[in-house]
Amino acid sequence: DCPENLESIESACSMLNDLIEDEVNAGIAKNRIIIGGFSMGGAMAMHLAYRYHQNVAGVFALSSFLNKSSIVYQTVEKCSRILPELYQCHGIPDTLILRAWGEETNTMLHSLGVLTSFHSYPNLYHELNRKELDCLREWILNKLPEK
């Protein structure tokens, strides 16, 4: 349980915000954008969506977690709007980012009102596999049906 390095997080968020704004300026509606990532990319996705882009279609975080005292929790707690759904996946034997950390993140966000799902995969360490990606693809297609 260590504090977040907000200076570093804010720097990364600034660059990523620019990418999202480029998509919006190109005509992509925010409610047709999903933000996600693997490992620390998933943590950044949660920071971006729940702190800055609360009207995106969804968030996914693969083998990811937030610190116990994350500013994300504080932001979500103060929010009165419906927030994007969180889809999380984690390998059961992952020893780099423990599954328990991911579950803790999911439980905390759920307790604050975020619609969440958490999927565990046996024999998946800190990596991706086809089954996980197929399930993520299905979730994305459900979140972003054809117009």
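Modeller: The model is a predicted one, where local features need pLDDT of at least 70, side-chain atom pairs count only at pLDDT 80 or more, and totals for chains, interfaces and linings use all residues. Residues are numbered from 1 along each chain as its sequence is written, and side-chain values use heavy atoms, with hydrogens and water left out.

Colleague: What makes a run of residues a strand or a helix?

Modeller: Both are DSSP runs, numbered from the N terminus: a helix is H or I with at least four residues, a strand is E with at least two.

Colleague: How many bridges join β3 to β4?

Modeller: Six bridges join β3 (residues 85-91) to β4 (residues 116-121), and the two run parallel. Leu86 has Thr116 as its partner in β4. Gln88 has Phe118.

Colleague: Why is the unit of β3, α4 and β4 called right-handed?

Modeller: Point the strands away from you. The path from the first strand over the helix to the second must then run clockwise. β3, helix α4 (residues 99-111) and β4 make such a right-handed unit.

Colleague: What is the strand order of the whole sheet?

Modeller: The sheet is open, with four strands in the order β1-β2-β3-β4 and parallel pairing.

Colleague: Why are β1 and β4 called edge strands?

Modeller: β1 (34-38) and β4 each have a single partner strand, so one side of each has no neighbour in the sheet. On average, neighbouring strands are turned by 10 degrees against each other, direction ignored. Helix α4 packs on this sheet and touches β3 and β4, its direction making about 165 degrees with that of β4.

Colleague: How do you know whether β3 is covered or open?

Modeller: Seven of its seven residues are buried. Buried means under 20% relative accessible area, exposed over 50%, partly exposed in between (1.4 Å probe, protein chains only). Glu85, Tyr87, Cys89 and Gly91 are buried on one side, and Leu86, Gln88 and His90 on the other.

Colleague: Why is His53 called buried?

Modeller: Its relative accessible area is 3%, so His53 falls under the cut-off. His53 lies in the loop between α2 (40-52) and β2 (58-62). Its contacts (heavy atoms within 4.5 Å) include Asn17, Glu21, Lys30 and Pro84.

Colleague: Is Glu21 buried, exposed or partly exposed?

Modeller: Glu21 has 32% relative accessibility, so it counts as partly exposed. Glu21 sits in helix α1 (residues 6-25). Beyond its neighbours within four places in sequence, Glu21 touches Lys30 and His53.

Colleague: At what angle do α2 and α3 cross?

Modeller: Their axes cross at roughly 25 degrees and come within 9 Å, α3 being residues 71-78. That makes α2 roughly parallel to α3. Angles under 35 degrees count as roughly parallel, over 145 as roughly antiparallel, 65 to 115 as roughly perpendicular and the rest as oblique. Met46 and Tyr50 of α2 are among the contact residues, as are Ile71 and Val76 of α3.

Conventions. Two strands pair if DSSP finds at least two bridges between them. Axes are lines fitted to C-alpha atoms, for helices over the stretch in contact, and angles run from 0 to 180 degrees between N-to-C directions.
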